[in-house]
Amino acid sequence: MIKGTNRMDFEEFINTLVSGVESRVNQEASVMVMNIQRPNNNSAPALVFRPLDPNRTMSPVIYLRSLYDDYVDGKSMSILISDSIRRFKSNCDAFDYDINTFIDFTKVKDQIVFRLINQSKNKRLLEDIPYTLYHGLAVVYYCQIDSSHSILIRNSHVTMWKIDNDTLHSLALTNTRRMYPPQIMTINQVLSELPGVPSIMSSQDNEMYIVTNVKMMYGAACVLYDDVLSDACRKAGCDKVYILPSSIHEMILIPATAADGSTKIEPDVLLQIVSEINKKYVSVEDFLATAVYSYDLQKKQFIVVA
């Protein structure tokens with residue numbers, strides 16, 4: 001117990017939760033706690049179910065920190081145990097995936113997609129998975145099972161499929177664009193789609209663009225699509241843009257020059273803005289980079305400038 005309270009500390013909470021869940025599902029699954037490696041060197045303890053039924057190959061991973069936060073906020077242990085079991089059973093009922101499908105490359109090759117993550121903060125993860133370097137970022141690959149479920153592709157999977165990284169990347173480039181089409185919007189267009197947020201049009205806001213995909217999830221990878229940055233330059237009416245990696249879900253684009261050709265803003269100033277955004281508004285999981293890139297339409301060149 002935490003001194004001076006009747007509240008369990010995190011370790012006691014985990015032990016009590018696991019014991020309660022296990023006693024009620026021991027005929028259906030084994031239950032264990034594992035540290036799951038998440039993006040950006042962020043590992044987190046999670047409740048992992050292993051179904052005893054060999055026909056059920058997938059089950060949810062429930063992160064324990066969020067459950068503990070609910071407990072601290074007043075939710076009872078009995079409710080948290082019941083919620084965890086409900087999530088396990090509903091997931092098994094709703095999502096029945098034949099793992100033999102994943103083993104057969106011909107059945108999954110059209111579901112391979114990519115995402116962008118930070119390279120330096122994911123060195124440990126990158127030891128175990130295929131990736132492609134991209135200006136201090138890493139392109140990583142997933143098999144998108146359905147709209148809610150995906151499998152991170154590992155080196156062992158590539159070996160099993162007998163394919164190389166070039167084949168993997170080529171397939172992902174085609175599939176990701178098809179499954180997650182790009183969209184380029186002004187900041188005001190984004191704000192206008194949020195309920196209760198008025199669009200306050202200004203010339204400055206209207207010159208800032210968001211590049212993401214139509215689902216606005218993992219949309220930073222859209223900068224890898226052919227012609228997306230060229231289209232963004234044309235939409236912004238300029239030959240060069242600065243690109244701010246605001247998160248793994250989107251990039252912010254700003255014209256680099258004014259109509260008269262003069263520099264509008266220095267990259268070092270933009271780097272300070274990116275750093276501030278990362279500190280105040282971006283979660284550990286969603287962090288992409290503290291950097292500024294530029295794209296030159298005439299040279300078709302993407303480079304790091306700060």
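Which residues in α1 meet which residues in α2? F10, F13, I14 and L17 in α1 meet L64, R65, L67, Y68 and Y71 in α2, where contact means heavy atoms within 4.5 Å. Keep in mind that this is a predicted model: local features need pLDDT of at least 70, side-chain atom pairs count only at pLDDT 80 or more, and totals for chains, interfaces and linings use all residues. Residues are numbered from 1 along each chain as its sequence is written, and side-chain values use heavy atoms, with hydrogens and water left out.

**Two crossing helices**
- The axes (lines fitted to C-alpha atoms over the stretch in contact) of α1 (residues 10-25) and α2 (residues 64-72) come within 11 Å and cross at roughly 100 degrees.
- That makes α1 and α2 roughly perpendicular to each other, a label for angles of 65 to 115 degrees.
- Their contact brings together eight nonpolar residues, no polar ones and one charged.

**A cavity**
- There's one cavity of 30 Å³ or more; a cavity is a set of points on a 1 Å grid where a 1.4 Å probe fits but cannot get out.
- The largest cavity holds about 30 Å³ of space, a volume being the space filled by probe spheres set on the points.
- Its lining (residues with an atom within 4 Å of a point) is made of L244, P245, S246, I252, V274, I277 and N278.
- Five of these lining residues are nonpolar, two are polar and none is charged.

**Around α10**
- In helix α10 (residues 228-236), V228, L229, S230, A232 and C233 are buried, meaning under 20% relative accessible area with a 1.4 Å probe, protein chains only.
- Just after α10 comes G237, with a positive phi of about 70 degrees.

Key:
1 Å grid on protein atoms, 1.4 Å probe; cavity = no way out; pocket = protein on both sides within 12 Å on 5 of 7 lines; lining within 4 Å. Nonpolar A, V, L, I, M, F, W, Y, C, P; charged D, E, K, R; others polar. Axes fitted to C-alpha atoms, helices over the stretch in contact; angles between N-to-C directions. Helix = DSSP H or I, 4+ residues; strand = E, 2+ residues; numbered from the N terminus. Parallel < 35°, antiparallel > 145°, perpendicular 65-115°, else oblique. Buried < 20%, exposed > 50% of the residue type's maximum accessible area, 1.4 Å probe, protein only.
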